[in-house]
Amino acid sequence: MEKRNLTCIGCPMGCLLTVEMEGGEVTSVTGNTCKRGDDYARKEVTHPTRIVTSSVYVTGGAIPMVSVKTAHDIPKEKIMDIMASIEHVTVAAPIKIGDVIVANAADTGVDIIATKDIPAV
Amino acid sequence: MSSYDIVIIGGGPAGLAAAAAAKREGVDSILILERDTQLGGILNQCIHNGFGLHTFKEELTGPEYAQRFIDQVEELKIEYKLNTMVMDITPTKEITAMNRTDGLFHIQAKSIILAMGCRERSRGALNIPGYRPAGIYSAGTAQRLVNIEGFMPGREVVILGSGDIGLIMARRMTLEGAKVKVVAELMPYSGGLKRNIVQCLDDFGIPLKLSHTVVDIKGKERLEGITLAAVDGKGKPIPGTEEEYTCDTLLLSCGLIPENEISRSIGVDMEPVTSGPIVNESLETSIEGVFACGNVLHVHDLVDFVSEEAATAGRNAAHYVQAGGTLGETGTEIPIQAVDGVRYTVPKKIHVNRMADEQIVRFRVGAVYKNCYVSAYLNDERIIHRKRQIMAPGEMEEIKLKKEQLAAFDGLTNITVKIEEA
Amino acid sequence: MYDVVIIGAGVTGSASARELSRYKLNICVVDKEEDVCAGTSKANSAIVHSGIDCTPGTLMAELNVKGNEMMEPLSKELDFSFKRNGSLILCFSEEDRPNLEALYAHAEKNGVPGCRIIEKEELHQMEPNISDEAIAAIYCPTGGIVCPFGLNIAMAENAYTNGVEFRFNTAVRKITKTDNGWLLTTNNGDIRTKVVVNAAGVNADIFHNMVSENKIHITPRRGEYCLLDKTTGGLVSNTIFQLPGKYGKGILVTPTVHGNTLIGPTADDHEDREATNTTAQGLAHVISAATRSVPNVPVRQVITSFSGNRAHEDHHEFIIKELEDAPFFVDAAGIESPGLTSSPAIGVKVAGIVADLLKPEKNPDFNGTRKGVLDPKSLSEEDYAKLIKEQPAYGNIICRCEMITEGEIMDAINRPLGAKSLDGVKRRTRAGMGRCQAGFCSPRTMEIISRELGISQLEITKNGGSSNMVVGYSKKSIEEA
């Protein structure tokens with residue numbers, strides 16, 4: 001039986017979770033104060049994911065960088081691949097929140113979208 | 001000289017929420033004065049997510065959260081000026097401001113809402129000895145350089161201070177290809193949210209050294225390295241524990257200080273513990289009709305509470321103006337005392353007849369408390385005794401006082417908020 | 001081939017350059033740093049001493065008093081900040097009174113006007129925040145405070161406008177005698193000159209000893225300081241000294257011309273001429289010693305600390321003369337305190353020595369008036385509003401702590417001997433000197449420097465050399481653009 005201690009990142013409360021696993025399967029989750037904590041614990045020990053936020057170079061806009069995020073969480077091990085997928089990208093203003101900057105980034109099936117409006121100048 | 005019913009100093013999350021709330025309360029003559037090129041304040045550079053869980057039940061990035069409020073301000077057709085710096089405000093609420101297009105100008109306000117946010121403690125204020133090379137930045141300045149200007153401040157980073165900004169920048173710099181060697185924290189506990197320790201340090205294998213500080217800085221032109229040392233219970237470096245780290249960048253996340261130059265120039269009473277204005281139940285300062293909210297009042301951890309607080313200030317400013325420059329009968333002023341582990345409360349005083357039915361009192365504790373009680377007393381009678389598994393200085397707390405209960409209490413002279421052991 | 005090459009663009013070199021520019025001479029100032037005022041001139045007490053504490057009969061005493069007299073008219077001519085706030089030298093016990101009186105006797109010998117000994121009651125009326133342990137003091141009304149950057153930069157700019165050439169990032173490696181003067185080998189080529197003026201601060205002995213058998217020896221004497229927030233500006237109004245001892249004038253507590261409070265310096269001799277670092281012991285000593293004079297110094301209001309090296313020569317005296325065994329080589333060496341105060345007088349003396357050697361004609365076009373960076377806060381509101389209409393950059397605040405506008409920063413960059421780095425902008429405008437210590441304004445100032453000088457922000461430095469502010473772009477796409 002394997003036991004792992006985690007801090008939940010579902011919300012700022014940061015509950016301390018204890019997960020028990022048997023043969024790669026979760027057998028119990030304790031310490032959470034809501035369902036999200038339970039979901040997070042199960043996911044984190046089997047296939048952890050993250051949302052990645054960064055910025056992309058903008059031309060013709062009021063400011064030179066647009067903040068972006070992965071539209072959904074992506075596998076944790078692909079974080080740096082996601083970063084690589086925007087390293088050479090340039091977008092032209094105007095940009096609106098939600099605009100797709102890179103579709104299916106790093107083959108995750110998840111788009112990278114803009115999180116800021118940037119008017120053109 | 002132009003005049004407005006409500007002038008809001010600062011167009012960040014506090015100013016925006018206050019403006020929207022005031023407008024919805026029925027006041028039309030509102031002006032926001034913002035010094036940056038865009039509304040949104042510090043949120044514009046907080047490109048990470050974690051904002052809005054309470055307000056919108058969604059996790060948003062900083063710019064997205066800001067846009068929700070900017071949209072409200074636009075929809076409500078609230079006036080604002082960008083690139084505008086407020087130079088001075090008189091006790092009679094005459095504002096002197098300046099920008100390129102309008103030049104130097106004056107505005108007479110019936111009511112003012114202070115929402116100027118806060119700034120970071122610098123290396124100089126921390127008195128860290130050593131050289132003064134390039135490469136030493138407060139975490140927020142580095143954040144601006146990376147997220148708004150598109151520059152890398154450096155490639156080999158040491159971070160002093162495990163507050164949220166330091167943790168966020170540890171991840172940010174790593175994602176952009178820098179090597180963050182260590183995050184050092186003076187206190188024996190981290191000042192930031194636990195989720196940030198996980199997502200910003202653990203995820204990237206960045207070590208966190210609690211009870212450590214920077215004791216020397218090397219490099220004559222550009223930073224070359226720093227010396228970390230362990231500290232004792234009083235925060236003093238312990239000789240013999242020195243460790244050298246080579247680095248070209250030192251980011252400092254060692255405390256936020258409300259930006260109160262303007263508050264001081266108007267002459268409002270200040271609270272030394274928070275470095276922000278003292279306010280009453282209506283978030284009104286010692287000058288009638290001047291309100292304060294957000295980080296300029298006391299530094300917050302969650303922007304959702306900033307928006308909530310600011311909306312209260314906005315509504316109260318509106319009521320003040322609508323009633324012809326008053327919040328109604330003063331009645332008795334009841335002070336709130338912060339003792340025994342509670343460092344301060346906002347508000348610091350209550351006029352019972354002016355308070356909301358449910359009055360939020362926000363506070364911070366001075367140390368980490370486990371399995372303790374938050375207690376509130378009306379005179380000597382305890383009315384709140386709530387068990388808390390854990391409380392830390394890095395997480396703002398709140399209690400709610402009921403107007404009904406306070407009004408019914410005969411001979412109320414003071415309220416006390418304190419931490420009591422199990 | 002120059003007539004005069006001055007090594008060092010600190011206050012000594014700049015004062016000499018300015019005075020020499022009154023003549024028709026081909027003059028060049030060389031400095032190893034990227035800007036003027038980059039050595040000890042930028043890291044000192046900023047005091048214009050009365051001169052009472054100089055040993056009578058010394059050149060230091062003579063030039064201190066002369067420099068003090070010259071400072072006020074010069075500050076108007078060259079537009080830098082100076083204030084004659086007065087100084088008090090505190091005595092903490094009756095046992096020390098003989099020392100106080102001995103020091104007081106210098107006033108007459110040194111020609112320091114207006115000094116008198118005051119007793120406890122008057123002392124505390126003048127300065128309510130002074131320690132109760134201070135039983136008496138010497139009051140010197142001619143003591144003053146100055147902006148050291150303003151003084152240095154003003155003299156240098158005026159010299160430049162009157163025809164003096166400045167070569168920065170130019171380090172002299174060797175000086176050799178030639179038939180008609182001197183050959184200076186530098187990292188940026190050879191320079192030939194008839195006369196050399198050695199104003200090289202902590203390194204002056206190195207150059208002196210290259211040409212003379214009568215060696216001198218300079219020890220860098222570190223002085224550490226703490227600067228306190230402007231909200232403490234009312235703490236004291238006079239400059240508060242403690243009775244001087246073997247190593248110097250002791251820790252002082254003083255207002256600055258800008259409204260801060262400055263405490264310091266320590267005095268510790270060391271070996272590394274380039275070591276401008278502060279130390280934990282030094283800063284702790286500054287704070288504890290300052291509280292001796294003013295017990296309630298609000299130490300939590302420290303906004304920055306810094307360190308400078310005095311050029312202490314073994315004989316503790318200015319060396320300002322043509323060297324006997326090195327004709328046409330003029331020392332202005334050993335310029336430790338009261339060097340800043342004396343600098344205008346040192347400039348005159350050096351110019352006199354050089355003029356005697358070269359017998360030059362006067363420069364009929366010499367213009368001794370110079371206007372500094374315009375501070376719009378000094379204008380009436382009407383004039384300020386008009387200025388913004390004509391130049392909108394003056395309506396854009398960049399440094400929020402000190403309220404410095406884009407217009408001032410542009411002026412600082414575009415004027416003669418203009419700023420090329422953030423520290424250069426800082427010393428000409430005060431942008432970055434406030435309580436947030438450039439946290440807010442740095443990115444914005446970098447943008448302005450980049451635009452005005454037409455350089456990439458990647459090239460912008462804090463103070464020249466390799467002190468680049470940023471190391472690259474955050475994304476390859478920006479590089480590729």
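Student: In β23(C), which residue is the bridge partner of F151(B)?

Tutor: The model before us is predicted. The bridge partner of F151(B) in β23(C) is Y473(C). This pair belongs to an antiparallel arrangement in which 2 bridges join β11(B) to strand β23 (residues 472–473) of chain C.

Student: How many residues does the contact take from chain B and from chain C?

Tutor: Chain B contributes 40 residues and chain C contributes 44 residues. On the side of chain B that touches chain C, the elements that give two or more residues include β6 (85–89), β7 (94–99), β8 (103–114), α4 (139–149) and β11 (151–152) of chain B. The largest share of that side, 6 residues, comes from α4(B).

Student: How many nonpolar, polar and charged residues has the side of chain B that touches chain C?

Tutor: That side of chain B has 15 nonpolar, 12 polar and 13 charged residues. As a general remark, the size of an interface is often given as the accessible area lost when the parts come together.

Student: How many residues does the contact take from chain C and from chain A?

Tutor: That contact takes 7 residues from chain C and 6 residues from chain A. The chain C side of it divides into 2 nonpolar, 2 polar and 3 charged residues.

Student: Let us turn to single chains. How many helices and strands are there in chain C?

Tutor: Chain C has 13 helices and 23 strands. Its C-alpha trace spans about 70 × 55 × 45 Å along the principal axes. Buried residues make up 58% of chain C. Among its contacts between residues at least 6 apart in sequence, 73% join residues at least 24 apart.

Student: What does the secondary structure of chain B come to?

Tutor: Chain B has 9 helices and 30 strands. Its radius of gyration is 22 Å, close to the 22 Å that the globule rule gives for 422 residues, so chain B is as compact as a globular protein of that length. The C-alpha trace of chain B spans about 65 × 60 × 40 Å along its principal axes, and buried residues make up 55% of the chain.

Student: How should I read a strand? Which residues of β16 in chain C point one way, and which the other way?

Tutor: From strand β16 (residues 261–264) of chain C, T261(C) and I263(C) point one way, L262(C) and G264(C) point the other way, and all are buried. Strand β15 (residues 252–255) of chain C pairs with β16(C) in the antiparallel sense over 4 bridges, with T254(C) opposite L262(C). These two strands form a hairpin with 5 residues between them, and G259(C) in the turn has a positive phi of about 100°. Strand β13 (residues 218–228) of chain C is also antiparallel to β16(C), joined by 3 bridges; here L228(C) stands opposite T261(C).

Student: Is N280(B) buried or exposed?

Tutor: One counts the C-beta atoms around the residue, and 20 or more others within 10 Å make it buried. N280(B) has 24 within 10 Å, so N280(B) is buried. It is found in the loop between β21 (276–277) and β22 (290–292) of chain B. Leaving aside residues up to four places away in sequence, N280(B) touches P347(B), K349(B), I350(B) and H351(B).

Conventions:
Residues are numbered from 1 along each chain as its sequence is written. Chains are lettered from A and ligands numbered from 1 in the order in which they are written. This is a predicted model: local features need pLDDT of at least 70, side-chain atom pairs count only at pLDDT 80 or more; totals for chains, interfaces and linings use all residues. A residue is buried if 20 or more other C-beta atoms lie within 10 Å of its own, exposed if 12 or fewer, and partly exposed in between; C-beta atoms are placed from the backbone. Two residues are in contact if their C-beta atoms, placed from the backbone, lie within 7 Å. Ala, Val, Leu, Ile, Met, Phe, Trp, Tyr, Cys and Pro count as nonpolar, Asp, Glu, Lys and Arg as charged, and the others, Gly among them, as polar. The radius of gyration is taken over C-alpha atoms; the globule rule is 2.2 Å times the number of residues to the power 0.38. Two strands pair if DSSP finds at least two bridges between them.
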